[in-house]
Amino acid sequence: MKHPQLLFKNRIPGETVFFDGYRKSGGYEGLEKTIKSMSPAEVTELVKASGLCGRGGAGFPTGTKWSFFPSDQPGPKYLVCNCDEMEPGTYKDGVLLRTDPHQLIEGMIITAYALQTPEAYVFIRYAYEDCAQNLERAVAEAKEAGYLGKDILGSGFSCEIHVHRSAGRYICGEETALLSGLEGRRPNPRLKPPFPAVRGLFDRPTTVNNVETLANIQHIVTGGADWFKSLALTEEGAGTKLFGLSGHLEKTECFELPLGVTLDEIVNEHGGGVRGGKKFKACLPGGASTPYLAANHLDVPLDFTAITRAGSRLGTAGVTVFDEETCMVAVTLNLIRFFARESCGWCTPCRDGLPYVAWLLEQFEQGEATEEHLENLRGQFRNIAGRSFCALAEGAMGPVEGLFNCFEEELVDHIKKGRCPFK
Amino acid sequence: MNELLTTEQIEDFRNRAEQLEHPKELVIDLLRAVQARNGWVPDEGVALIASLLGVAAVEVEEVATFYDKIFRLPVGKKVIHICDSICCWSRGGEELAAALQQKLGIGFGETTEDGLFTLLPTCCLGACGEAPAIMVGLKTYGHLTPDQLDEVLATEREEAR
Amino acid sequence: MVTLTIDNQSITVPKGTTVLDAAEKLGIVVPHFCYHEALGAVGACRLCAVYIETEQSKGVQMSCLVEAAEGMVVNTLEPTAVELRQHVIEWLMTNHPHDCPVCDEGGECQLQDMTIAGGQSIRRYRGKKRTYSNQELGPFIEQEMNRCIQCYRCVRTYRDYFGGTDFGVMGSRNRVFFGRFEPGRLESPFSGNLADVCPTGVFTDKTYRFKSRYWDLQEAESICPHCSLGCATIPGGRYRELQRVRSGTSKEVNGHFICDRGRFGYGYVNHPDRLRVPRINGEECDRHEALAAINDKIEKLGGEAVGFLGSSRTALETNAMIKSWAEQSGSKSVCFECHPQRDNAARSWVALRGDRGRSLADIRRSDFILLLGSDPLNEAPMLAAAIRQAESSGSQVAVIDARPVKLPFKAAHLVVRPEKLSTIIRALKSGAFDNFERHEQLFFEGVLKSIKKAERPILVGGGDLLQAEGVAALCELMAQLPEAGGDFVHLSGPNSYGAAMLSGAAPDFETILDDIITGKIRALVCVESDPFADYPDRKRLQEALSKLEFLVVADYINGPAAAKADIFLPTAAPAESAGTYINCEGRMQRFKPVLKPGEPLRITGDGGHPPRRFSHETPGDQPRSAAEFIANLVGQPVTINDLRQQIAADDDRFSGLDQPEQGMLCRANGELPTTVNREDVPGKGDDLLHLLPVADLFGSGPLLSYCSALDAVRSAPCVVLSESDAASIGVANGENVSLQTAEGKLAVEVRIDAKALPGLVLIPQTGADAFLPGGVMIPCSIRKNGARDE
Ligand SMILES: Cc1cc2nc3c(=O)[nH]c(=O)nc-3n(C[C@H](O)[C@H](O)[C@H](O)COP(=O)(O)O)c2cc1C
Ligand code: SF4
Ligand code: FES
C-alpha cells in the first residue's frame with residue numbers, strides 16, 4: 001500500500017537533498033509563515049492541537065512539553081536536538097539526515113522561535129559523521145539564505161545552531177545525560193525534578209527533542225493540525241512515523257508509514273516477509289528496549305497507545321524481526337549484554353544488576369540453568385524494572401518482560417534439555 | 001606525529017574557550033581533535049586539553065574514560081569497530097567477527113603487527129538496515145559477508161599506508 | 001511542619017525533611033549508602049527503598065528522595081521494598097572480594113552492616129568478579145578499589161564539598177574507578193575525610209593500617225587541639241597508643257568533617273622522646289618528690305617572686321587551677337599565653353565580641369564573607385570548608401590580606417601590608433578611602449556594596465595578622481552590618497578564648513619578663529607552655545630567663561623548655577585526660593580521655609610482639625593531668641567535675657561548664673587588655689626586608705612537629721618574595737638563598753609570587769625548622785647562595 005510521504009517526500013535513495021532541492025519542494029515556507037504570521041504561543045498551541053508525540057522513544061506529547069517551557073524568562077535558554085540514536089534497531093534519524101537535513105534545520109528554527117531560545121544544539125552520535133557533515137552544510141546554507149542567524153527574516157528573532165559530535169555511549173541519548181555530555185561533563189543522567197525545562201543545559205531552561213519530532217514541525221505549520229492528525233490510521237495517533245526495519249526480513253529499510261499501520265503490513269508488505277520463506281516468530285517493535293511481540297500480535301496497529309494494550313511500546317519504531325529458528329533467550333542475552341555494557345555506572349540495579357541478568361541468561365544458554373535460576377531471573381526482573389535511576393535499565397527489562405510474556409516455555413525448555421534447544 | 005595539536009588548532013581552541021562562558025563544553029571536541037591527529041589520546045593530550053580549558057587533568061580524564069570512542073591506549077592507524085548488537089547478530093555478525101579476526105590474525109582489543117588495524121567490538125552503529133556492519137575509522141560498511149572483507153581490508157590498508 | 005506515619009508511628013518534622021531522615025528520627029534506620037547528611041541525596045545506590053501507601057507517590061520509592069508530606073503513610077517493611085533492598089545488596093556484593101578478614105574497615109563497615117540488615121546472606125551469583133589495580137595516594141590514604149560499591153560519596157566529598165581538584169571518577173558501567181589522574185599524594189587538605197565517608201574499605205586511614213580492629217579500639221569524644229575552631233573529633237587508641245583520629249559530628253562547628261591536620265596530627269601523644277617520668281635537675285625521680293621540691297622552693301622564694309604561665313593549648317580547668325594556685329601562693333604574675341600579640345588579640349576579641357559572634361554553621365549559610373587577615377587553609381582549615389559551602393550556594397567572598405591566600409574556590413583578593421589592616425577596616429567603617437590607591441578604593445567600594453546587598457554577611461578575621469587593634473576595628477565595623485550579619489575571629493590555640501577570659505585585664509607575658517629582668521620574679525612555672533618555642537623575641541627571652549633561679553616545666557611534649565627545667569613534670573596529653581576548650585566563638589567544648597597514659601606497647605616491646613617484659617606497672621604511666629598535679633600541690637584533690645562546678649560557681653561567664661550538655665556558648669565578655677602599644681613594625685635598614693612568619697597547614701602550632709605522620713607532607717623551608725625583591729637580590733623561582741635574621745640563618749628556597757608585596761618576605765612555618773612562632777614581623781636580609789657574607 002502507498003502511504004502519504006512527508007518526511008521522505010524528497011527521498012531519493014543514496015542521495016541527499018540540500019538547499020535548492022529543499023526550497024523547490026516548498027522548504028522554508030513553514031518558517032516564513034511562522035515568523036510572519038504567528039506568535040510563539042500560537043506555534044505551541046498548534047503543535048499541541050496536532051497531537052504530535054515525541055519520536056525519541058517515550059512518546060510524550062510535544063506541544064504539552066513545550067507549554068511547560070518558560071519562553072518569556074529572560075536570559076539564556078536552549079533547544080537541543082537529540083540525534084544520539086544508539087538504541088539497537090534504531091536508525092531512522094540517520095536516514096532522515098542523509099535524505100533531507102534541511103527539514104531538521106527548519107523544524108529547529110520554528111521550534112526555537114516558539115520557545116524563544118536563541119541557541120540550539122544538535123547532539124549527534126559518533127558513527128553519524130556523514131550526518132554531521134550534512135547538517136553543517138545545511139546550517140551554513142540556511143544562514144546564507146537568512147533563515148538562520150541574526151534577525152531572521154527581519155523578525156528581530158535570532159537563533160544559532162551548533163552541531164556537537166559525541167564520542168559513543170548509548171546513555172548520551174537520555175536527555176539529562178545528554179545535557180551533561182554537552183556541558184563537557186560525564187554524561188550521567190540527572191535527578192528529575194528539576195526538569196530540563198526548569199534547569200537544563202548550563203542550568204538554564206532547555207527543551208530536548210528528537211530529530212524526527214522536530215522535522216515534523218514545519219509540516220504541521222504548513223498543513224495544519226487537523227490534517228496532521230488525520231494522517232494516522234488510528235483515532236489516537238497523529239502523523240506519520242519512520243519505521244526502521246531490520247532482522248530476518250527480506251527488506252531491511254526505513255519506511256515512512258502512517259501511525260497505526262499493522263505489524264502484519266510492516267512485516268509482510270514493506271519488509272517483504274521473513275527472509276528465506278521462514279516463519280515469523282517475534283519482533284522488537286520499537287527498538288531494543290521494547291517487549292517482544294509474537295506471531296499472535298501481527299494484527300496489532302502500531303501507534304503509541306494500541307501497542308501498549310498488546311504489552312509492548314512503540315519506542316523508536318525500529319522493528320527488528322526474528323524468524324522461527326531464533327532462540328529468544330539468546331536474543332535477550334545479546335540485548336542485555338548491550339544494556340549492561342552501555343550502563344553509565346551511576347545506579348546499582350543497572351550497573352550491577354544487568355551484568356547479573358546477563359550471567360543468568362548465560363547459564364540458560366550454556367545449559368546450566370535450573371529452576372532456581374528461573375526464579376532468580378524473575379526476581380531480578382521484578383527488582384530492576386522501574387527501580388533504576390533513569391530509563392536505561394528500565395528499558396533493558398523490556399525484552400526480559402517480553403521473554404516472560406511470550407516465551408517462558410523456551411526458558412523452561414533450556415532447563416529441561418540442559419542445553420540451548422536451538423543450537 | 002609529534003605534536004598533539006597544531007599551533008593553529010591550539011590557537012583556535014584557546015580563542016573559542018575564551019569566548020565561551022563554559023569552556024568545558026569543548027572537551028569532546030578537543031579529545032576528538034587530539035585523537036584525529038595522534039590516533040589516540042596519550043596522558044600528555046589529557047594534560048594539554050586540561051590546560052587549554054583551565055581545568056584539572058582529572059576532569060578531562062573523567063570524560064575521556066567514559067566514552068568508548070576515545071582511546072586512552074595506543075591503537076593502530078585505523079580502528080575497526082564491528083557491531084555486535086542485535087540486528088547485526090541476527091544477520092551473521094558473529095560469523096563476520098570470526099572471519100575478521102581470522103583475516104587480521106588478531107583478537108578483539110589487539111592491533112595487527114604492522115600497526116595498521118586495531119579490532120574492537122562496538123554496540124549498534126545505527127546501520128541496522130544494512131546489517132551486519134562494521135565501521136573503519138569514521139566510515140561505515142554495511143551488508144557485509146565474510147567474503148567481502150578482503151576487499152574492504154584491501155581498500156583500507158591502501159588508505160592507511 | 002508536616003506529620004506523617006512511618007511503620008505505624010507518627011512523627012512531625014519540618015517541611016523539606018526526607019522520609020529517610022524522618023524515619024531516622026523515629027529510630028527506624030532505613031539502609032542507605034549514597035545518602036549522607038552533609039552531601040545530600042543523589043538517588044544512586046537505590047538501597048533506601050520504602051513503600052509509600054498514600055496516593056501521592058504511592059509505591060516503592062527511594063526514601064532519600066521523597067519529601068515527607070502531611071498525612072503520608074510509609075511502610076519500611078513492605079515485602080517489595082524489602083525485596084528490592086535485598087537485591088541491591090546482592091548486586092553490590094557481586095564484585096566484592098569478601099576480604100573482610102584483612103580489611104581495616106571490618107567492624108565499622110557500613111557494607112557489612114547493610115549486608116546483614118539486607119537479609120541477603122547467600123551468594124547466588126557465580127560469575128567472574130572484576131578487579132582493579134590500586135593507586136598509591138600518598139601517606140594518608142590507602143586505596144583498595146575492589147571493595148568499592150560505587151556510592152560516589154568519595155568524589156562528592158572530595159570534589160563537591162571540599163573543592164579538591166585532583167580526584168575524580170573515571171570509566172563507566174561496572175568499571176568506574178575513583179582516584180587520581182595519576183598516582184600520587186592527594187593534594188586536598190581534607191583528603192582524610194575519604195576514610196570517614198567511604199562506607200566500606202576502599203579508602204582507609206593509612207596511618208592506622210593493620211593496627212587495630214574497631215571493636216578493640218578505645219574511643220572517646222574529643223576536640224581537636226590544632227586550631228581555635230574546636231572541631232569535634234573521635235580519637236581512637238589501643239595498646240596505650242593513639243592510633244587514629246576520625247571526625248566527630250558537631251552541627252554548629254565542623255559538621256561531619258575535619259581537616260588533615262586534625263586527623264593525622266596525633267603522633268605527639270606517642271612520640272618516643274616524650275618524657276614520662278618526673279625529673280629534678282635532669283635526674284628521674286618520683287612524682288611526690290618532685291612536687292615536694294616545687295612546694296619547698298616556692299615557699300622559700302615567696303609567692304610574689306614566682307610567675308605562672310599557662311597556655312592556649314591547656315584545658316580551661318588546668319588554666320583555672322593555675323590561677324588559683326598563683327592566688328594561693330600570693331603571686332600576682334599569672335598569664336595564659338606567652339605570645340603577647342596573640343594574647344592581646346584574643347583578649348580584645350573576647351572583650352569586644354558582642355552577641356553577634358557567628359559560628360561555622362552561620363558561615364556556611366552566609367551570603368557574603370569578607371576575610372580580613374585570615375588565611376583559612378593554613379590557619380583554621382575547616383573554616384575554608386565552611387566558606388566554600390557558602391560560596392557554592394551563591395555567597396561572594398572577598399579577601400584582604402598580606403599573604404597569597406589560597407582558597408578552594410574563587411574569591412576577590414586585595415594584597416596589603418599587614419600593619420595596614422586596622423586602618424583599612426576603620427576606613428571601611430567610615431567610608432573615607434582618600435588615603436588609598438585607586439585599585440584599593442575600587443576594591444573597598446565593591447566590598448561595601450556587597451555588604452549592603454547581603455542579608456547575612458560575616459566578617460572573618462585572623463587574630464595573628466589583625467592583632468588587638470585590628471580585632472577591635474573589626475568588631476566596630478561589624479556594628480554596621482545588617483541585623484543578621486556578624487563576625488568571626490579565629491585565634492591561635494584551641495583554648496585561646498578560654499585563656500583570654502581568665503586573663504581579663506591582668507598584665508601580659510611582657511610584664512612578667514620585665515619583672516624577671518629586674519629580679520622581681522625569680523621563678524617561673526610553665527604549665528603546658530613553652531616560651532622558648534612560642535615567644536616571638538628569642539633574644540629578649542634568653543636574656544630574661546638566664547636570670548631565673550628556678551624553672552618548673554610541666555608538659556606532655558618534650559619541647560625546648562623541658563630541657564632547661566630545674567623540675568620537670570610529665571603531664572597527660574589531651575587524649576589521656578578530660579578537659580574543656582573554649583573555641584574562638586566562645587563555645588565550651590569538652591574532651592574525654594581516650595587512653596590512660598603509658599608507653600605504647602610498640603615502644604616497650606622493642607617492636608616485638610607480644611612484649612617480653614612483664615610487670616605489675618604500666619611502663620611510662622607517670623604522667624598525670626596538669627590539673628591533677630596542681631590539685632596535689634595546693635593540697636585540694638578534686639575531680640574534674642568538682643573543678644568544673646567550682647569554676648562555674650566562681651565566675652558566671654562560665655555557667656553551664658558543669659552541665660553535661662556539650663558545646664554551650666559561654667556568656668560573653670572579658671576585659672580589654674591593658675598594654676597593647678608596642679612597636680610592631682620593625683625598622684628597616686638598607687638591605688633589610690620585613691620577614692613575616694606565616695601559618696602553614698602542617699607546620700604551625702606547637703604540636704605538629706612531633707607528629708611523624710606529617711613528615712612526608714611537610715614542605716621544604718621556603719620564602720615567598722615579590723618579583724621586584726627577587727630581581728634586586730638576583731634570584732629566580734626555586735633557587736636557594738640564605739635568610740638571615742637576628743635569630744640566625746636558614747637556607748631556604750625562593751618562591752616568587754606575582755601578588756607578593758615588595759619589601760615583605762613571607763616564611764611559611766613548615767615545621768621542619770620552626771623559625772619563629774609567627775604573629776610578629778622582624779627585619780631580615782636575603783642573600784643569593786654562594787654570595788659572600790661580609
Ligand atoms: C537510555 C536512553 C536513551 C535514549 N536515546 C535517545 C535517542 O538516541 N534519541 C532520542 O531522541 N531520544 C532518546 N531517548 C529519549 C530521550 O530521553 C528524550 O525522551 C527524547 O529525546 C525527547 O524527545 P522527544 O520528546 O522528541 O521524543 C533516550 C532515553 C533513554 C532513557
Ligand atoms: S539506569 Fe542507572 S546506571 Fe543505568 S544508565 Fe541509568 S542512571 Fe546510569
Ligand atoms: S544492530 Fe548492528 S548496526 Fe544496528
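This is a predicted model: local features need pLDDT of at least 70, side-chain atom pairs count only at pLDDT 80 or more; totals for chains, interfaces and linings use all residues.
**Chain B against chain A**

I started with polar contacts across the interface of chain B and chain A, and the rule finds 14 residue pairs, both residues at pLDDT 80 or more. Residues are numbered from 1 along each chain as its sequence is written, chains are lettered from A and ligands numbered from 1 in the order in which they are written, and side-chain values use heavy atoms, with hydrogens and water left out.

Next I looked up salt bridges (a side-chain nitrogen of Lys or Arg within 4 Å of a carboxyl oxygen of Asp or Glu). The rule finds two across this interface. I noted the one that joins A:Glu129 to B:Arg32, 3.5 Å from N to O.

Which elements of chain B supply at least two residues each to the side that touches chain A? I get helix H2 (27–38), helix H4 (57–64), helix H5 (86–90) and strand S2 (117–122), taking helices (H or I, at least four residues) and strands (E, at least two) as DSSP runs numbered from the N terminus. H2(B) gives the largest share, five residues.

For contact (heavy atoms within 4.5 Å), I find 35 residues of chain B against 48 residues of chain A. The buried area is about 3,500 Å², with 58% from carbon and sulfur atoms; that is accessible area (1.4 Å probe) that two parts lose on being put together, summed over both. B:Phe66, B:Ile86 and B:Arg91 supply 21% of the area that chain B buries here, more than any other three residues.

**Domains 3 and 4 of chain C**

I then went to chain C, where the domain assignment (automatic or database) puts domain 3 at 345–491 and domain 4 at 689–784. Their centres, taken over C-alpha atoms, are 25 Å apart, and each domain gives 16 residues to the contact. Together domain 3 and domain 4 bury about 1,300 Å², 61% of it on carbon and sulfur atoms. On the domain 3 side, C:Asn378, C:Val415 and C:Arg417 lose the most area, together 40% of what that side buries.

Technical notes. A polar contact is a pair of N or O atoms within 3.5 Å; within protein, one must be able to donate a hydrogen and the other to accept it, and residues adjacent in sequence count only if both atoms are side-chain atoms.
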